[in-house]
Each structure stands twice: as C-alpha cells, then as structure tokens.
Amino acid sequence: MQPRNMSMSGAVDLSAVKAAAEAKQKAEQARAQRAAQPEGQGAAAARLVIDVDEATFEQEVLQRSAEVPVVIDFWAEWCQPCKQLSPVLERLTQEYAGRIVLAKIDVDSNQMLFQQFGVQGIPAVFAVIAGQALPLFQGAAPEAQIRQVLDQLIQAAEERFGIVGVPAGPAEGDGDGAPAAPEPPSNPTLAAAHAALDAGDMGGAIRAYENVLADEPANEEARLGLGQARLLDRVQHADAQQVRRTAAERPDDVAAQLAAADLDLVGGHVEDAFGRLVDTVRRTAGEDRDAARVRLLELFEVVGPEDPRVTAARGALARVLF
C-alpha cells in the first residue's frame with residue numbers, strides 16, 4: 001500500500017537557511033534551560049503522547065517543536081482506520097524514547113485546527129518542526145512505512161534545525177520507572193492478528209482473524225479487523241496511478257471501480273469511495289451490481305456503522321436499489 005504523502009521528500013524547505021539557523025538557536029536555548037533544571041525534572045516533564053486541543057496547541061505543539069519534532073495524529077472516535085493507526089503511532093513514539101512527541105487531536109472537538117491544517121480526511125498525520133508544519137501521510141499505513149517516515153523526520157529535524165529531541169523519563173504513574181508488565185491478551189489469536197496487521201502481514205492477519213471468527217462468530221473486533229486486513233491486502237501492491245487511470249477510462253468496468261474505491265478509502269476519501277460504488281450499483285445489473293453492492297457493504301464495515309457518511313451512503317444505496 002502506498003498512502004498519500006508517505007514521504008519526507010520536499011517536506012522541509014532546505015533553502016530556508018535563516019529559519020533553520022533560528023531554529024537551531026532556539027533548540028540550543030531549550031537544551032540549556034533543560035540542563036539547568038534539577039536532575040530528572042526535565043525528563044519527567046517529557047510526556048511522549050499527549051492530547052492536544054485548541055487551547056493547548058501553542059504550548060504543547062508550537063513551543064515544544066523547538067526542541068523535539070512533534071507528530072500530530074488527527075483522529076476521531078467514529079473513525080475505524082484511526083483506531084488501527086493510533087496505537088501503532090503511540091507504540092512507535094514510546095520506542096523512539098524522546099526523539100519525537102505524539103500530539104493527538106480529536107477533530108470533532110477541534111474543528112479550527114482541523115481546518116487550519118487543511119485536513120481532507122482522517123486519519124491524517126502531520127509534523128511540526130521548529131514551528132513549521134508539514135504533512136506526513138493520510139490514511140492507514142503499514143508499520144514499516146510509518147517507521148521509515150519517522151526516521152526521515154528525525155534526521156531532517158537534526159540535520160537542518162539542530163533539534164535532537166528530549167530524553168524520555170518514566171511515564172506518569174510508573175513509580176520507580178520500571179516498565180509496567182503488559183496485560184496478557186484475552187485472546188492470543190486476536191492479539192496475533194493485530195500484530196500481523198501492524199507488521200503489514202496481511203495474509204497472516206486475515207487467517208488469524210478468520211480463525212477467531214470461526215470460534216467466536218460474534219467477535220466484533222475480529223470482524224472489523226478482518227475487513228481492514230482484506231482492504232489493505234487488496235491495495236498494498238496496487239499501482240495507484242494506473243488504478244485511477246483505468247477507472248477513469250473505463251467507467252463501466254466494475255473491477256476497475258472496485259479497485260479505485262479501495263484506494264479512495266485508504267486515502268481517507270471516504271465519501272468518494274462510497275459515491276463511486278453507489279454509482280456503479282446504479283449503472284449495472286446482475287452479478288456486476290451484486291459485486292459492487294457487496295464491496296460497498298464491506299467498506300461500510302471498515303469505516304464503522306456509526307459514521308454519518310455510512311448512514312448517508314446507505315440511504316443512497318437504498319434509493320438506487322429500490
């Protein structure tokens with residue numbers, strides 16, 4: 001799968017010599033101030049995953065970006081792909097141990113930030129370095145690609161702005177700093193399925209989710225995970241430009257429209273994906289119509305039944321069917 005903007009190429013303006021010099025100076029000042037604090041105080045303040053809103057954005061993101069790259073995760077409770085991506089970002093942030101900070105922004109509660117960043121669909125991931133915002137990627141993504149983008153972000157922050165991050169202290173509530181023992185998963189097969197999905201092993205994830213559902217047909221988490229894994233499996237090796245070109249040239253080719261709808265969804269263009277498939281159902285009949293209808297229902301499951309865009313698309317589907 002190739003999520004949109006999944007690259008740091010061109011994200012940082014390398015010609016901005018003055019801005020980089022100023023950023024380096026600020027970073028050095030921030031490190032000096034931190035070094036002057038009592039031992040352990042600076043590290044303890046370095047929370048790695050933070051919830052940010054419009055009131056705290058200036059301090060938690062803009063000011064903090066002078067000493068550490070701040071990754072922004074735009075999400076919403078109703079967004080099923082967000083629920084898959086956010087835990088991966090949180091885990092990687094902890095793993096990077098202070099070289100990045102993750103700021104989580106609920107778009108439903110922070111519409112002004114959502115609009116200011118020009119977010120067109122969620123999940124969407126941005127970064128702020130030395131007060132400069134840049135897009136990273138939009139939509140779901142395998143962990144390996146996310147890790148590559150974060151490595152490039154950290155490298156750019158250090159080489160161009162002199163920003164090297166903040167040493168991470170123990171998380172709040174850790175007591176003596178010893179890492180908390182992870183809770184054992186209630187269903188090892190489900191945990192294995194999630195791990196395979198995070199690692200980009202779609203075949204393994206699909207098989208594991210299917211095994212869970214064979215034993216627990218009503219397991220909602222496994223059903224949603226299976227839908228996501230099947231979707232990502234369909235698109236991970238697709239040539240996005242070729243798929244979209246074929247769909248545009250062959251509006252009556254059902255397979256081409258299905259492939260383009262999958263790409264629309266993983267790219268965060270949910271309404272476009274639904275609209276494409278509703279139109280395909282309207283224009284077709286027989287097996288072709290049924291294939292488009294079934295795919296649309298599958299994508300409804302990935303996004304989640306509570307999403308208002310699903311509700312609207314269900315109504316549109318009903319109108320073309322009946």
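Visitor: In which helix is aspartate 262 found?
Guide: The structure shown is a predicted model. In this model, aspartate 262 belongs to a helix, and that helix is α11.

Visitor: Is aspartate 262 buried or exposed?
Guide: A residue counts as buried when its relative accessible area is under 20%. Aspartate 262 has a relative accessibility of 2%. Because this value falls under the cut-off, aspartate 262 counts as buried.

Visitor: Which residues is aspartate 262 in contact with, leaving aside its neighbours within four places in sequence?
Guide: Contact here means that heavy atoms lie within 4.5 Å. With the neighbours within four places in sequence left aside, the contacts of aspartate 262 are Leu231, Arg234, Val235, Arg295 and Leu299.

Visitor: How many cavities of 30 Å³ or more are there?
Guide: A cavity is a space where a 1.4 Å probe fits but cannot get out. When spaces of 30 Å³ or more are counted by this rule, the number of cavities is two.

Visitor: Which element gives the largest share of the lining of the largest cavity?
Guide: The largest cavity holds about 160 Å³ of space, and 17 residues line it. Two or more lining residues come from each of α4 (80-96), α9 (220-235), α11 (254-266) and α13 (286-303). The largest share is three residues, and the element that supplies it is α9.

Visitor: Which residues of that lining lie nearest the centre of the largest cavity?
Guide: The lining of the largest cavity divides into twelve nonpolar, four polar and one charged residue. Those nearest the centre of the largest cavity are Pro81, Ala140, Leu231, Leu265 and Val302.

Visitor: Which element gives the most to the lining of the second largest cavity?
Guide: About 90 Å³ of space lies in the second largest cavity. Its lining includes Gln84, Leu85, Val88 and Ala140. At least two lining residues come from α4, and at least two from α7 (188-198). With three residues, the element that gives the most is α4.

Visitor: How many charged residues are in the lining of the second largest cavity?
Guide: Asp, Glu, Lys and Arg count as charged. The lining of the second largest cavity includes Glu143 and Asp198. By class, this lining has eight nonpolar residues and one polar residue, and the number of charged residues is two.

Conventions. Residues numbered from 1 in each chain as written. Predicted model: local features only at pLDDT ≥ 70, side-chain atom pairs only at ≥ 80, totals over all residues. Heavy atoms only, no water. 1 Å grid on protein atoms, 1.4 Å probe; cavity = no way out; pocket = protein on both sides within 12 Å on 5 of 7 lines; lining within 4 Å. Points joined across faces, edges and corners; volume = space filled by probe spheres on them. Helix = DSSP H or I, 4+ residues; strand = E, 2+ residues; numbered from the N terminus. Buried < 20%, exposed > 50% of the residue type's maximum accessible area, 1.4 Å probe, protein only.
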